Amino acid sequence: MAPALVDYTAAEKELYEFDDLKIGVKGLVDAGVTHIPRFFIHPPECRGNNSSAPQNNGADGVEIPVIDLEGFNENDDRRVKMVNAIRYACATGGFFQIVNHGVPVAVMEEMVESIRRFHEQPQEAKMEWYSRDFSRKVNYFSSGDIKGRAKPVPAEWRDTLSCRAADDQWDFDALPELCRREMKEYMKNMIDLQEKLSELMSEALGLSKDHLSSTGYLKPMRLSSHYYPVCPEPDLTLGTIKHSDPSLLTLVLQDKGNGLQVLHNDQWVDIPAVDGAFVANIGDFMQLLSNDKFKSVEHRVLATSFGKPRISAVSFFLPCAKDMHKPCGPIKELLSDNSPPIYRITSYAEFMSHYRVVGQIGGRALPHFKL
């Protein structure tokens with residue numbers, strides 16, 4: 001029998017009560033639940049098995065580009081090909097994968113295992129990190145920012161360990177000891193990779209290679225380590241709802257589990273796990289700065305239905321803290337009489353304030369800033 005439609009306003013109290021337990025979705029699974037609480041049940045039209053939300057596995061020509069960064073500084077012809085490939089991916093689909101990026105596979109594998117180790121430690125040991133005070137450097141929580149949304153919405157079947165740079169500096173000593181060494185090494189590699197990507201994306205926009213790095217717009221400022229436990233009723237819920245990112249660029253390290261999907265031409269397309277690859281996607285703020293030359297894209301994560309929990313590490317590349325309130329708009333070098341500004345002047349702080357209202361309930365923040 002199909003479950004009744006959920007009154008999310010009525011279920012919100014139950015969601016808050018669950019959150020106060022500080023056990024996360026993993027705690028429910030450990031308790032042996034066979035039916036998910038009603039606040040996790042999504043509307044039929046939003047679920048992964050919905051027949052009106054068509055799926056696509058790439059069989060009819062939709063493929064996510066895999067871009068090889070080997071020889072980044074060694075061969076001019078190879079670099080031109082990289083830039084052209086990134087330009088095409090960012091302008092058309094907004095999603096691509098990168099390989100031979102310089103981050104050792106061992107660092108990536110150890111990062112995944114450290115996330116698993118944190119989330120699978122005894123519940124009592126994790127509770128001290130559980131908090132929705134997002135001014136903290138480190139937070140462990142379940143199901144996103146449930147108290148910052150504009151209206152009650154269903155919860156998401158995942159737990160997250162989130163850490164951020166404060167005043168543009170990473171305080172690695174603030175990380176949980178159980179995964180500190182691996183996360184520190186991983187973020188150091190993200191900082192190095194950021195320099196490569198800043199150059200390539202600047203050139204892909206037709207700008208000088210140091211443009212994005214000199215503006216401070218593309219820094220690895222936040223890391224979310226997601227754990228998606230196996231769900232007893234995966235057809236009723238989602239690991240992450242449909243959304244676009246508020247970042248300039250997002251890099252995703254995913255384990256071998258599937259579930260990540262991107263919306264392309266109204267089709268949900270699976271993002272296959274590629275050994276040694278990062279999944280990259282353009283965020284809303286990059287679309288604004290590029291005046292729609294690069295396109296952000298909506299994506300989601302299905303609930304894990306069998307086997308092992310799905311694990312991912314998501315790095316968000318954002319403006320520096322000192323530039324959060326700096327007025328900015330479409331990059332002036334990209335504007336002309338034939339390409340006038342599409343978006344008004346704003347700041348990243350203002351953009352994020354609006355994103356928290358609409359973006360976390362499946363809406364788009366960009367239309368609010370159009371001229």
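Predicted model: local features only at pLDDT ≥ 70, side-chain atom pairs only at ≥ 80, totals over all residues.
## Helix H1 and what follows it

A residue is called buried here when its relative accessible area is under 20%. In helix H1 (residues 8-21), the buried residues are Tyr-8, Ala-11, Leu-15, Phe-18 and Asp-19. An α-helix has 3.6 residues a turn, so residues three or four places apart point the same way. The buried residues of H1 pack against H2 and strand S4 (138-142).

H1 has 14 residues, and from its first C-alpha to its last it reaches 19 Å, close to the 20 Å expected at 1.5 Å a residue. Next comes Lys-22, which follows H1 and has a positive phi, near 60°.

Because its relative accessibility is 11%, Leu-28 counts as buried. Leaving aside residues up to four places away in sequence, Leu-28 touches Phe-18, Ile-23, Val-33, Pro-37, Phe-40 and Trp-157. One of these, Phe-18, is among the buried residues of H1. Leu-28 and Phe-18 are 10 residues apart along the chain, and their C-alpha atoms are separated by 9.6 Å.

In soluble globular proteins, nonpolar side chains tend to be buried together. Here the largest nonpolar core has 87 residues, and the members that touch the most others are Ile-98, Tyr-186, Met-201, Leu-251 and Phe-278. Helix H6 (residues 180-204) gives this core its largest share, nine residues. A second, separate core holds 18 residues, including Ile-23, Leu-28, Ile-36 and Trp-157.

Not counting residues up to four places away in sequence, Tyr-186 touches Val-107, Met-111, Leu-223, Leu-253, Phe-278, Ala-313 and Ser-315. Val-107 and Met-111 from that list are both buried residues of H4.

The buried residues of H4 are Val-107, Met-108, Met-111, Val-112, Ser-114, Ile-115, Arg-116, Phe-118 and His-119. The 15 residues of H4 should span 21 Å at 1.5 Å a residue, so the 22 Å between its end C-alpha atoms agrees.

H4 also takes part in a pocket. The second largest pocket holds about 750 Å³ of space. Its lining consists of 32 residues, with Asp-255, Lys-256, Gly-257, Asn-258 and Ala-273 nearest the centre. Helix H4 (105-119), strand S8 (249-254) and strand S11 (278-282) are the elements that give two or more residues to this lining. H4 supplies the largest share, six residues. Sorted by class, the lining of this pocket has 14 nonpolar, nine polar and nine charged residues.

## Two asparagines with positive phi

Most residues other than glycine have a negative phi, and most peptide bonds are trans. Two asparagines are worth a look on this point. Asn-100 has a positive phi, near 50°, and sits in the loop between strand S3 (95-99) and H4. With 43% relative accessibility, Asn-100 counts as partly exposed.

Asn-291 also has a positive phi, near 55°. Its place is the loop between helix H8 (284-289) and strand S12 (299-302). Asn-291 counts as buried because its relative accessibility is 5%.

Note on methods: Residues numbered from 1 in each chain as written. Heavy atoms only, no water. 1 Å grid on protein atoms, 1.4 Å probe; cavity = no way out; pocket = protein on both sides within 12 Å on 5 of 7 lines; lining within 4 Å. Points joined across faces, edges and corners; volume = space filled by probe spheres on them. Helix = DSSP H or I, 4+ residues; strand = E, 2+ residues; numbered from the N terminus. Nonpolar A, V, L, I, M, F, W, Y, C, P; charged D, E, K, R; others polar. Expected span 1.5 Å × (residues − 1). Buried < 20%, exposed > 50% of the residue type's maximum accessible area, 1.4 Å probe, protein only. Contact = heavy atoms within 4.5 Å. Core = buried A, V, L, I, M, F, W, Y, C linked by side-chain atoms within 4.5 Å.
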